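Here is a short report on one protein model. Please look over the sequence and the structure before reading on.

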Amino acid sequence: MKVLHKSEILFFLLLAFSGGIFMASFAPVSYSFILVLIIISIGIIGISAYHKTFSRAGILTGALLLVFALGIVRFNYVSLSKNILSQFSDIEAGGPLRHGLGEASRGVAVILKGYVDDETVYQNGRAQFVFRVKQIIVPDKIIEVDERTQIFANVFPKYQYGDFLEINGALKTPQNFDPVRSRGTLRALAASYGIDYVNYLKKEGVATTMSFPKIKTSKTAGLGLFEKMKLGFYKKIFIVKDKFELAVSRSLAEPNASFINGILLGSRQEIPDKLKEAFNKTGTSHILAVSGYNITIIAEAVLWALVWFFKRRKAFWLSAGLIILFSVLTGASASVVRAAIMGLLLLFASGYGRLSDAKNSIVLAGAAMVFLSPMILAFDVGFQLSFMAVLGLAYVYPLLNYKTEKISKIAGQLGEFVKSLKEIILMTLSAQFFVFPLLIYYFKNLSLVSVVANVLVLPFVPAAMLLGFLSGLAGIIFVPLGRLVGFAAWAITAYQIKIIEFFASLPFASVAVSFTRVALIIIYPILFFGLWRMRRKIIGKI
């Protein structure tokens, strides 16, 4: 057996761990099966490590099997962990509370005290927000907790992040899509994308919901010093974000302002449905998601501009600072932070001139994120798109760059702008290589114009993001100044929107296509195998 490098062994172990989490995400695995798996893996390691039957391949096989089992254990621990709020949900009249927490009847007040733990989303004439529960108040009992629930409420009064509330209502266990009762809701939207709504909420740390309860303001509910600091910090972030979003809306006309807020902040609520459908038909919906790819593109563009004035490594640190600022302005949610980490890893390799070195770092970062939040691997579309796009940039881009070496020489002779344009086009195609199957799976749509539309639109995304960002900052200071800067952002986004609308209007723009999760799982190994073969051929020629 070929002796593997330590980095290669780590790579396979990380894949095995992620594979265990992935398997447990879709198929319930009993602890008896896990125990058998662990015993077998330890047995294989023991036999292979014995000097008379020593085998490196056997040790690695046993280690991979053991780490795979640990991945299953980690997922089950998070997925099956008991939630105190769940014990108060779906209580039938006169029925007992589970797990010995007392007796209660439907209609008996269950009061929750805590604070709004995320931005409020307004959709279909109602508001929804995640509520961090610090206390559950039931007859003769106050229970201290630290859990989250999803609240559906009226649009008015409006609630903001950090508002301390007292909520009185009935907790429910969320259910997956019901085509009649869930029409027009987040549950219906999740189901239309093939997402398990229950696990989607569980991924956010939510296991219960409450619809249209009685809500009133409350006093601070016994917070620790760190939690108070976190609340104060995020409150300021969301205030800045709201001001920035308003400044962009005042600086640009619609739908360009909503488009800018979409690509900068991930805010899609104000984008017209017709334009969203156009993005879907042209396979450009990913532009509106705050992903590692989007963050990398803007950072790469800034890096390219800064290397004209600073040394490459100094320019990298300035670009990294921009990513951190960008993450703060977008609300620094868990999904944005994960995307920023992916972007920073790829930017680090690019900034130091060694893109191939990012591969193991990306897989390590992905595995670390999955370890901390196992549900994201199968139920977080944003994480999947970010991870696959960044993998495409790390693995596919070097191959495409090698294949187009002659074009690179010609582009270099024509000037830096043409060379940079060629690089952005290659980055676009590289990211699309791995993202494409996911887009088809979730949006159930195969865009026949996707490649052309993306090539024509994506090279201008960095400029649109940068100018939109500057117009927002200028608009906060002085609205007319924001409009002056915003004119350039409007011109670029007007071009992008027109291109997307034009291709979406073509009768052959897209066809309805869907395939199962099993097919999706089969597609990716085929893609990786094809890349591996191509890389082997290239190495053989060198």
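This is a predicted model: local features need pLDDT of at least 70, side-chain atom pairs count only at pLDDT 80 or more; totals for chains, interfaces and linings use all residues.

Lys-216 lies in strand 8 (residues 214-217) and Glu-166 in strand 5 (residues 164-168), so the pair ties together parts that are 50 residues apart in sequence.

Are the two partners buried or exposed? Lys-216 is partly exposed, with a relative accessible area of 49%. Glu-166 has 18% relative accessibility, and because buried means under 20%, Glu-166 counts as buried.

## The salt-bridge network

Salt bridges that share partners join Asp-117, Arg-132, Lys-134, Asp-146, Arg-148 and Glu-227 into one network. The whole structure holds 8 salt bridges.

Arg-148 pairs with Asp-117 at 2.9 Å, N to O. Arg-148 sits in strand 4, while Asp-117 is in the loop between strand 1 (111-116) and strand 2 (121-123), 31 residues apart. Both residues are buried. Glu-227 bridges to Lys-134, with the closest N and O atoms 3.0 Å apart. This pair also links distant parts of the chain: Glu-227 belongs to helix 6 (residues 225-251) and Lys-134 to strand 3 (residues 126-138), 93 residues apart. Glu-227 and Lys-134 are buried.

## Strand pairing

Strand 7 (residues 206-211) pairs with strand 4 (residues 141-153) in the parallel sense, over 4 bridges. Phe-152 stands opposite Ser-211 of strand 7.

Strand 7 also pairs with strand 6 (residues 171-172), here antiparallel and through 2 bridges. Lys-172 has Thr-209 in strand 7 as its bridge partner.

## Helix 3

How far apart are the end C-alpha atoms of helix 3? They are 35 Å apart. At 1.5 Å a residue, the 24 residues (56-79) should span 34 Å, which agrees. Buried residues of this helix include Gly-58, Leu-60, Val-67, Ile-72, Arg-74 and Phe-75.

## A nonpolar surface patch

Leu-466, Leu-470, Leu-473, Ile-476, Ile-477, Phe-478, Leu-481 and Leu-484 make a nonpolar surface patch of about 750 Å². Helix 18 (461-477) and helix 19 (479-505) each supply at least two of its residues. Helix 18 gives the most, with 5 residues.

Ile-477 is in helix 18. At 69% relative accessibility, Ile-477 counts as exposed.

## The whole protein

The protein has 20 helices and 10 strands. Of its 542 residues, 47% are buried. Among contacts with a separation of 6 or more, 72% come from residues 24 or more positions apart. The protein exposes about 27200 Å², with 66% of it supplied by carbon and sulfur atoms.

Key
Residues are numbered from 1 along each chain as its sequence is written. Side-chain values use heavy atoms; hydrogens and water are left out. The expected span of a helix is 1.5 Å times one less than its number of residues. Buried means under 20% relative accessible area, exposed over 50%, partly exposed in between (1.4 Å probe, protein chains only). Contact means heavy atoms within 4.5 Å. Accessible areas come from the Shrake-Rupley method with a 1.4 Å probe; for residues, only the protein chains shown count as cover. Patches are made of residues with over 30% relative accessible area and no salt bridge: like charges are joined within 9 Å, nonpolar side chains (Val, Leu, Ile, Met, Phe, Trp, Tyr) within 5 Å. A salt bridge is a side-chain nitrogen of Lys or Arg within 4 Å of a carboxyl oxygen of Asp or Glu. Two strands pair if DSSP finds at least two bridges between them.
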